[in-house]
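Please open the structure in your viewer and keep the selection panel at hand.

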Amino acid sequence: MLRQLAAVRTPWLTDVANGINGAGSGWGASVLGLSVVALAMAFRRWRHLAVFVGGLVFLDVVGELVYNGLSRPRPYGVPVIGGWAGYASGSPFVGVLTFYLLGIVYCLAVPGRARSRARAAAVAAVAVFGLARLYLGVDHPDDVLLGAAFAAAIAVTAFGYFTPDEVFPVAYRRGRTAHVDVTGRRGEAIRQAVADQLGLDVTEIKPVGLESSAGSTPLRLRVQGGPEQFVFAKLYTKGHVRADRWYKLGRTIGYGTLEDESPFQTVRRLAEYEDYALYALREAGVRTARSYGIVEITPEREYLLVTEFFKDAVEIGQAQVDDAIIDQGLAMIRELWDAGIAHRDIKPGNLMVRCGELLLIDVCFAQVRPSPWRQAVDLGNMMLVLALRTDPQRVYRRAQAYFTEAELSEAFAATRGVASPTQLRASMKQDPRDLLGQFRALAPPRPPIVLQRWSMRRVTLATAMVAITAVAAYGTVRTFNPGSRGLGADPPSCGTGPSMILSAQAVPSAAMLPCINALPSGWHADGADIASGHARFWLDSDQAGPAAVTVTLTAACDTAGARQIPSGQPGMQQFERQLSRAPRYSALRYYTFPGGCVTYQFSFAPGASPHLASAVNGAVGYMPRAALVSHVKNTEGLALCGRGAACPG
């Protein structure tokens, strides 16, 4: 295949292929990947972003293992006319571009026709990029396929497992990500499950109260076969449990343990807990919804809690609040206190008014036998909600009939910051009055109760989170940097190994190739950088320091300022140029020969003896290119294109 492509090379086609290769393997691809990150952040798709970055780091780590394990030179039999760096193993550039494009598909494209088209466009883009690299001769066909398939397997598996469409859909609609679509197959499943398990015929499913709900999908079901025309239902999915887990982990790291912050482990347990909480509150005399039962939609993934629907009820933020409503709200908190229960989510969206009666809903996070701090927060939040529709003085005056001055003072010392639900804090910001300040002025003075709760668990979690974030950031920056995708190579040892052949491909005109011969005691090879146009490796010394000698092969070099001395290598001219002798030895040595030049750059640690440079004479040897040409021809039946092996194209 490579020979057929080489046969059709033309100057204009080569320019096009080089442009495509440069865009896909340079900063063009990096900008594409960074765009995925920026857009995922803009659309608040945090889970998709985490999967994208995590998959990218995984691709980088595992891809490097594959790369080093294969250590494959560039293709034989055709001239390599494009830029390259390192081995051809698995084509890292093709793999990274494939992952970036699939990141666009799974992070930004809506499932369905749009995603199918985006996927087809990604496949076409990778195919064009791979074809350009094959045309230039920088990759083998199977390296292109391996790089693309490996990256695609990681992307498809990661996004499919961690961001399934039914739980984390990509959609461009307003609303919270906690709210799932209840049309189509899910809607049919809800109708069938409610009919089978509760004996109710659902004729309509309508989302309600989405603005004030962040932990479930609230629904109003029109039913037949029951005593009421409508019932209320809360749809819980596995995504809600995951979100609850991350939310509480974040609160633990940010504020310590604000009371009971243990996450639910399963969707079933979440539904069971709210069903129990409804029963406990009704037994305590709190006016809340009657539960009709739990409906299993998908085992261990989706459950529906069906309850009484408060017909004609409105949120307290839309109702007329008089003294009777204020008294009911305060009495409700007293009933909760007497029963040893805290609601933990008192906000306008969870308080409904119907015909002059105050009703409490959404009891999922209720807690039995809470601390006095948690009970005080419930009182403070209730009084703030009531004051939003009236005024603090009126609410405080009515509260004195139910609570002591000490209890009221404690309530507003505890109610601050994240202790109040997000919706309540947002409503207070929109109100021009300083409600909390006015309540504190009315209550006896008391120092604010500190929310920060330090523990070994918090310190451990915070430390682990910082470490994971640092590692992920380093891996991400390293991956987005196109210069890091040339993963280097093993130092070329004298012989016919992959690094030696790669050096011959880097400078195809050179008749001789430098290599590691026999390292003296205290010296070792530190690494190599082999790319089109040069082959470079470093020697470290326990006395002269790291990178004490850098050996670089190029097609030519500038020996101006250097003096020619008798050569220590047969068939070569040697030049020396001493830059400094103290406090650190620094010098340049050149060996020139037909088609190439080797530069030794000495840079010793301060105080190291210049006589250590003599050890390099035996450490670095030379291989004739003709020996490698013969080896490739005998083992592969192909030509190592360059000096001594002309190739068409």
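Begin by selecting Pro583, which sits in the loop between S16 and strand S17 (586-593). The model on display is a predicted one. Show the backbone here: the peptide bond that joins Ala582 and Pro583 is cis, with omega at about 0°.

**The sheet around this loop**

Next, colour strands S12 to S18. In what order do the 7 strands of the open sheet run? The order is S12-S13-S14-S18-S17-S16-S15, and the pairing is antiparallel. Strand S12 (523-531) and strand S15 (563-565) are the edge strands, each of which pairs on one side only. From one strand to the next, the twist averages 20°. In general, strands of a sheet pair through backbone hydrogen bonds, in either a parallel or an antiparallel manner.

Zoom in on the edge formed by S15. Its pairing with strand S16 (residues 573-580) is antiparallel and extends over 3 bridges. Select Ile565 and look across to S16, where Gln574 stands opposite.

Select Asn517, in the loop between strand S11 (512-516) and S12. Which residues does Asn517 touch, not counting those up to four places away in sequence? They are Cys494, Gly618, Ala619, Val620 and Gly621.

**Two residues with positive phi**

Turn to Asp312, in the loop between strand S5 (302-308) and strand S6 (314-315). Its phi is near 70°, a positive value in a residue other than glycine. Asp312 counts as exposed because its relative accessibility is 62%, where the cut-off is over 50%.

Continue to Arg44, in the loop between helix H3 (27-42) and helix H4 (46-70). Phi of Arg44 is near 60°, again a positive value in a residue other than glycine. With a relative accessibility of 57%, Arg44 therefore counts as exposed.

**A nonpolar surface patch**

Finally, select Leu39, Phe43, Val110 and Tyr172 and display the surface. These residues form a nonpolar patch with about 340 Å² of accessible area together. Tyr172 belongs to the loop between helix H7 (141-162) and helix H8 (184-198). Is Tyr172 exposed or partly exposed? It counts as partly exposed, because its relative accessibility is 46%.

Conventions:
Residues numbered from 1 in each chain as written. Predicted model: local features only at pLDDT ≥ 70, side-chain atom pairs only at ≥ 80, totals over all residues. Heavy atoms only, no water. Patch = residues over 30% accessible without salt bridge, like charges linked within 9 Å, V, L, I, M, F, W, Y side chains within 5 Å. Areas by Shrake-Rupley, 256 points an atom, 1.4 Å probe, with all protein chains shown as cover. Salt bridge = Lys/Arg side-chain N within 4 Å of Asp/Glu carboxyl O. Helix = DSSP H or I, 4+ residues; strand = E, 2+ residues; numbered from the N terminus. Buried < 20%, exposed > 50% of the residue type's maximum accessible area, 1.4 Å probe, protein only. Pairing = 2+ DSSP bridges. Axes fitted to C-alpha atoms, helices over the stretch in contact; angles between N-to-C directions. Contact = heavy atoms within 4.5 Å.
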